[in-house]
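Trainee: I am new to this structure. Please show me how to read its features.

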Amino acid sequence: MASLVQFLPLFPFFFLISFSVSHGPFLPKAIILPVNKDPSTFQYVTQLYMGANHLAPIKLVVNLGGSFLWADCGLTSDSSSQKLVPCNSLKCSMAKHNGCTNDNKICGLKSENPFTRLAATGELAQDMFAVEFIDELKTGSVASIHQFLFSCTSSTLLQGLARGAKGMLGLGNSRIALPSQLSDTFGFQRKFAICLSSSNGAIISGESPYLSLLSHDVSRSMLYTPLISFRDGVSEEYYINVKSLKINGKKLSLNTSLLTMDGEGHGGTKISTISPFTTMKSSIYKTFVEAYERFGFSMGLTKVDPIAPFGLCFRTKGVNVPSIDLVLQSEMVKWRIYESNSMVKVSDEVMCLGFLDGGVNQKASIVIGGHQLEDNLLEFNLGTSMLGFTSSLAMVETSCSDFMFSKDSSAFDT
């Protein structure tokens with residue numbers, strides 16, 4: 001028998017209507033999750049609902065490259081609808097498990113906190129999860145996913161997460177990450193978009209209703225570049241191929257092999273919601289910062305002593321700053337980074353370049369961090385392995401904080 005898809009209006013109205021997938025139900029056009037930035041940790045936090053008998057909110061830190069959702073078992077064990085997944089089952093195989101637990105009866109999954117680098121073996125579980133959906137240009141109701149797969153893990157992994165967070169939400173290219181499970185449940189294309197901001201933003205899966213949610217059809221201004229894979233298969237994290245860097249339109253003198261991914265998965269440019277700022281391998285960073293400083297001087301910027309963690313800071317004045325271009329598969333396709341994403345205002349008098357030295361051992365050549373992603377709409381199409389991206393939405397007089405939600409759907413109301 002086909003699984004049931006249920007739709008619930010958001011609190012306080014909790015009546016339930018069920019539709020059978022096998023009888024052509026009314027299905028949502030898209031799912032939207034509100035995302036807020038935690039000011040103390042710079043982490044991006046969203047909220048889902050969990051449990052068949054009582055939908056309880058659960059706050060989760062967003063991990064763009066995470067393989068699955070993991071959550072504190074102390075929180076989830078109260079749900080009567082939660083069930084552990086047996087070892088040697090099809091669902092266990094889908095999860096690429098790490099062996100079996102509980103006398104080889106339960107599917108084991110290694111969960112990791114990327115901020116503290118702590119890891120623990122959890123148990124693959126399933127429960128009903130609910131998320132807000134969009135239909136007919138409206139938001140405000142909740143669609144439920146029966147038997148949503150996630151890792152039930154130790155509370156020790158919560159160390160270092162934003163206040164109130166009970167786990168992490170993985171959006172990576174894996175069979176049990178949120179985008180794939182939404183696709184399997186609702187018949188969406190395997191694609192999703194993120195639009196982060198320094199305050200409120202969104203994750204969208206399904207159709208692309210950017211016009212109805214942002215009041216601008218920003219999809220028309222999108223550029224596209226391939227998502228690249230490791231030689232031995234598809235990466236669950238998201239990498240693009242940056243061919244060169246430009247400052248104020250001038251190409252930097254870099255050994256291009258430093259930017260290329262090698263056969264062992266070193267190099268390339270990774271997109272990350274874990275790093276608060278973009279980091280570069282030391283050899284790239286040195287060339288980049290020296291060039292930026294020269295262009296800054298030529299535009300009238302005054303250098304001041306750096307303020308940690310930043311390596312280059314200027315006096316704040318009413319002058320422009322150099323633009324930065326990440327040149328992709330051709331000179332015609334470039335991701336331009338404007339002042340709002342390149343600079344970080346650390347005081348009324350000082351602003352710093354929001355790019356950091358990632359050290360000589362950083363695996364990726366460049367890791368594009370959260371500050372550089374804010375108010376840029378990114379669309380990850382896992383079916384075509386393409387990334388669609390805008391530069392700053394300020395260029396079309398909108399922002400990621402302009403996404404329209406129902407008034408009861410904020411991730412931080414509870």
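Mentor: Start with a definition: buried means under 20% relative accessible area, exposed over 50%, and partly exposed in between. Keep in mind that this is a predicted model.

Trainee: Is Phe 277 buried or exposed, then?

Mentor: Phe 277 has 9% relative accessibility, so Phe 277 counts as buried. Phe 42 has 37%, so Phe 42 counts as partly exposed. Phe 310 stands at 8% and therefore counts as buried.

Trainee: How do I read a pair of aromatic rings?

Mentor: A pair of aromatic rings is described by two things: the distance of the centres and the angle of the planes. In this structure, the count comes to 12 aromatic pairs. One of them joins Phe 42 and Phe 277. Their centres lie 5.9 Å apart, with 65° between the planes, and the pair is edge-to-face.

Trainee: Where do Phe 42 and Phe 277 sit in the chain?

Mentor: Phe 42 is in the loop between strand E3 (30–37) and strand E4 (44–50). Phe 277 is in the loop between E19 and E20. The two are 235 residues apart, so this pair links distant parts of the chain.

Trainee: What is the angle between the planes of Phe 277 and Phe 310?

Mentor: Their planes stand at 75°, and their ring centres are 5.0 Å apart. Planes over 60 degrees apart count as edge-to-face, so the pair of Phe 277 and Phe 310 is edge-to-face. Phe 310 lies in the loop between strand E21 (303–304) and strand E22 (313–315), 33 residues from Phe 277.

Trainee: Which residues form one aromatic cluster?

Mentor: Phe 288, Tyr 292, Phe 314 and Phe 355 do.

Trainee: Now the sheet. What is the order of its 5 strands?

Mentor: Read across the open sheet: E16-E19-E28-E20-E27, with mixed pairing. Strand E16 (238–240) and strand E27 (355–357) are the edge strands, and each pairs on one side only. On average, neighbouring strands are turned by 25° against each other, direction ignored.

Trainee: How many bridges join strand E19 to strand E28?

Mentor: There are 3, between residues 269–271 of E19 and residues 366–368 of E28. These two strands run parallel. Thr 269 stands opposite Ile 366 in E28.

Trainee: Which helix lies across strand E20 and E27?

Mentor: Helix H5 (residues 282–298) does. Helix H5 runs at about 130° to E27.

Definitions and conventions
Residues are numbered from 1 along each chain as its sequence is written. This is a predicted model: local features need pLDDT of at least 70, side-chain atom pairs count only at pLDDT 80 or more; totals for chains, interfaces and linings use all residues. Side-chain values use heavy atoms; hydrogens and water are left out. Two strands pair if DSSP finds at least two bridges between them. Helices (H or I, at least four residues) and strands (E, at least two) are DSSP runs, numbered from the N terminus. Axes are lines fitted to C-alpha atoms, for helices over the stretch in contact, and angles run from 0 to 180 degrees between N-to-C directions. Contact means heavy atoms within 4.5 Å. Rings of Phe, Tyr and Trp (its six-membered ring) pair if their centres lie within 6.5 Å; planes under 30 degrees apart count as stacked, over 60 as edge-to-face and the rest as tilted. Buried means under 20% relative accessible area, exposed over 50%, partly exposed in between (1.4 Å probe, protein chains only).
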